[in-house]
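Please read it alongside the sequence and the coordinates.

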Amino acid sequence: MSKLSILLFFLLSWVTGNPLIAIIIIIAVVYVLDRRYVGVMPSIAKPFRRSSRTRKLRTQLAASPFNVSSKRELARLLIASKKYAEAYKLLEEAKEASEDSAEYWSDLGAASIGLQKLQDGEQQMLHALSLNERVKYGEPYLQLATAFKDKDPQKALEYAAKFGGIQSSSSEAYYLLGCLYQSLGRKDEARQALEESISIYRSLPKYKKRHERGWALRSVIKRNFL
């Protein structure tokens, strides 16, 4: 803890008369500053916003059960909440109207992988990529790489390489790629990916650095512990 932090702690303890309240205030200030300028800490509000939106979509579908766009949006939120079975059911219901949508097939693949239907998920995501290789900025490649990292490491690396090829100017992409390489025991490639993440951040214009700053910081921390 820095001298400034210690001084702030004692000052707040004196003002509030309670060291516990002082610690809570300091944590709150650090969180607000992180969310405003860095972005390493997870958003506290995001799960609540997702839950609120999920309830609204359920209400909409109760009134209009054939609304395809609402079904697909709700399915994406359910996937984010790891409720894969319900998401898969909704996506199957929306299939006829979504055959030509790369995003639809990507979501269906994510739900299948979440249900441990790895072969189905792979086929669905590859179909999404055949319709549009840059769908979701290449995220299906990363999801496939993660899904295969234990069962087929070589295939995982091939998918990871394709993801890196699409996301060539994203600190986030190379951080995730570094994490994948680390999980596969490929420390040299992991370190290289993390170095690339940091290098990309340094080369970005100011208006893009806000979004990538947290990923660059994560890359620095993870690289130092490899």
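H5 passes H6 in a left-handed crossing, a crossing being left-handed if the near helix is turned anticlockwise from the far one by less than a right angle, and right-handed if clockwise. The axes of this pair come within 9 Å and cross at roughly 145 degrees; axes are lines fitted to C-alpha atoms, for helices over the stretch in contact, and angles run from 0 to 180 degrees between N-to-C directions. On the H5 side, Tyr-84, Tyr-88, Leu-91 and Glu-92 meet Tyr-104, Asp-107, Leu-108, Ala-110, Ala-111, Ser-112 and Gly-114 of H6, where contact means heavy atoms within 4.5 Å. By class, the contact of H5 with H6 has seven nonpolar, two polar and two charged residues. In this classification Ala, Val, Leu, Ile, Met, Phe, Trp, Tyr, Cys and Pro count as nonpolar, Asp, Glu, Lys and Arg as charged, and the others, Gly among them, as polar.

The model is predicted: local features need pLDDT of at least 70, side-chain atom pairs count only at pLDDT 80 or more, and totals for chains, interfaces and linings use all residues. Residues are numbered from 1 along each chain as its sequence is written, and side-chain values use heavy atoms, with hydrogens and water left out.

**Overall architecture**

The chain has 12 helices and zero strands; helices (H or I, at least four residues) and strands (E, at least two) are DSSP runs, numbered from the N terminus. Along its principal axes, the C-alpha trace spans about 65 × 50 × 35 Å. Of the 226 residues, 36% count as buried, a term that means under 20% relative accessible area, with exposed set at over 50% and partly exposed in between (1.4 Å probe, protein chains only). Among contacts with a separation of 6 or more, 46% join residues 24 or more positions apart. The chain exposes about 13,700 Å², and carbon and sulfur atoms supply 57% of that area. Accessible areas come from the Shrake-Rupley method with a 1.4 Å probe; for residues, only the protein chains shown count as cover.

**Helix H4 and its neighbours**

H3 passes H4 in a left-handed crossing, and the two helices pack at an angle of about 145 degrees with their axes 10 Å apart. From H3, the contact draws on Arg-50, Arg-53, Thr-54, Leu-57, Arg-58, Gln-60 and Leu-61, and from H4 on Ser-70, Lys-71, Glu-73, Leu-74, Leu-77, Leu-78 and Ala-80. By class, six nonpolar, three polar and five charged residues make up the contact of H3 with H4.

The buried residues of H4 are Ser-70, Lys-71, Arg-72, Leu-74, Ala-75, Leu-77, Leu-78 and Ile-79. Their cover includes helix H3 (45-63), helix H5 (84-93) and helix H6 (102-114).

Leu-91 is found in helix H5 and counts as buried, at 0% relative accessibility. Apart from residues up to four places away in sequence, Leu-91 touches Arg-72, Ala-75, Ile-79, Tyr-104, Asp-107, Leu-108 and Ala-111. The C-alpha atoms of Leu-91 and Phe-66, 25 residues apart along the chain, are separated by 12 Å.

Ala-62 lies in helix H3 and is exposed, with a relative accessible area of 65%. Between the C-alpha atoms of Ala-62 and Tyr-141, 79 residues apart along the chain, the separation is 35 Å.

**Helix H9 and the lengths of two helices**

In H9, Ala-156, Leu-157, Tyr-159, Ala-160, Phe-163, Gly-164 and Ile-166 are buried. These residues pack against helix H7 (118-131), helix H8 (139-148) and helix H10 (171-183). The table gives the spans of H4 and H9 from first to last C-alpha; the expected span of a helix is 1.5 Å times one less than its number of residues.

| Helix | Length | Span | Expected span |
|---|---|---|---|
| H4 (residues 68-80) | 13 residues | 19 Å | 18 Å |
| H9 (residues 153-166) | 14 residues | 20 Å | 20 Å |

**Loop residues with positive phi**

Lys-82, in the loop between H4 and H5, has a positive phi of about 65 degrees although it is not a glycine. At 64% relative accessibility, Lys-82 counts as exposed. Tyr-137 is placed in the loop between H7 and H8 and, although not a glycine, has a positive phi of about 55 degrees. Tyr-137 is exposed, with a relative accessible area of 62%.
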